[in-house]
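Please read it beside the sequence and the model.

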Amino acid sequence: MHIRLIAFALALWPGLAAAEGCLDQVRELARAQNIATDPPTASPDKAPGVTSRELGRSGGVIEPPATSDRSVITPPGTTDSRMPTMPDVTGKPGAPPSPQAARDEAKKDGAADRTALQALLVAARAEAERGQEANCVDTLKKARELLERSK
């Protein structure tokens, strides 16, 4: 009796069984890579200290609080106070990077790949939970390809 009921349910919702299969694969891959697949949440009650509008107007620089210290020089209000965000670093052309620089670059690449993998797994999980088997499988395939490239 129970088998007939399950078979009937699967006949009506073929994506249901497949989505669970994909969801299980997503969970397994996430567990093997020690990556969380919980989607990020934002608290509507917690307001940011600085709004994006304020950051946009200031060029990313927040004005420091006023001080009565006479040694502090206040720039004129008419100057553009945009702060450069990248240092002016020029490497010697044709010079190989130092071993430490190569290790640092590899760490950056690994962190970027791990972040991209987490994003793909979160997306695949969401698709599976919505019953979108094809999208889940496609996103899971992209996650596995990323893992293969990063090896």
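The text below goes from the whole chain to single residues.

The model is predicted, so local features need pLDDT of at least 70 and side-chain atom pairs count only at pLDDT 80 or more, while totals for chains, interfaces and linings use all residues. Residues are numbered from 1 along each chain as its sequence is written, and side-chain values use heavy atoms, with hydrogens and water left out.

**Overall fold**

The secondary structure of the protein chain consists of five helices and zero strands, in the order α-α-α-α-α along the sequence. Helices (H or I, at least four residues) and strands (E, at least two) are DSSP runs, numbered from the N terminus. Of the 151 residues in the chain, 15% count as buried. Here buried means under 20% relative accessible area, exposed over 50%, and partly exposed in between, with a 1.4 Å probe and protein chains only. The chain exposes about 12600 Å², of which carbon and sulfur atoms supply 58%; accessible areas come from the Shrake-Rupley method with a 1.4 Å probe, and for residues only the protein chains shown count as cover. Among contacts (heavy atoms within 4.5 Å) with a separation of 6 or more, 71% join residues 24 or more positions apart.

**The disulfide**

A disulfide is a covalent bond between the sulfur atoms of two cysteines; the criterion used here is a pair of cysteine sulfur atoms within 2.5 Å. The structure holds one disulfide, formed by C22 and C136 with their sulfur atoms 1.9 Å apart. C22 lies in helix α2 and C136 in helix α5 (residues 133-150), so the pair ties together parts that are 114 residues apart in sequence. The torsion about the S-S bond of C22 and C136 is about -90 degrees, so this disulfide is left-handed. Both C22 and C136 are buried.

**Salt bridges**

A salt bridge is taken as a side-chain nitrogen of Lys or Arg within 4 Å of a carboxyl oxygen of Asp or Glu. By this rule there are five salt bridges, and the table gives some of them.

| E28 | R31 | 2.6 Å |

E28 and R31 both lie in helix α2, three residues apart, about one turn of the helix. E28 is partly exposed at 41% relative accessible area, and R31 is exposed at 58%.

E129 and R125 are separated by about one helical turn because they are four residues apart in helix α4 (residues 99-129). The relative accessibility of E129 is 47%, which counts as partly exposed, while R125 is buried at 17%. These two residues also belong to a network of salt bridges that links D38, R125 and E129.

Where does I35 lie? I35 is placed in the loop between α2 (14-33) and α3 (52-58). The residue is buried, with a relative accessible area of 11%. Leaving aside neighbours within four places in sequence, I35 is in contact with A30, R114, L117, Q118 and L121. I35 and L117 are 82 residues apart along the chain, and their C-alpha atoms are separated by 8.5 Å.
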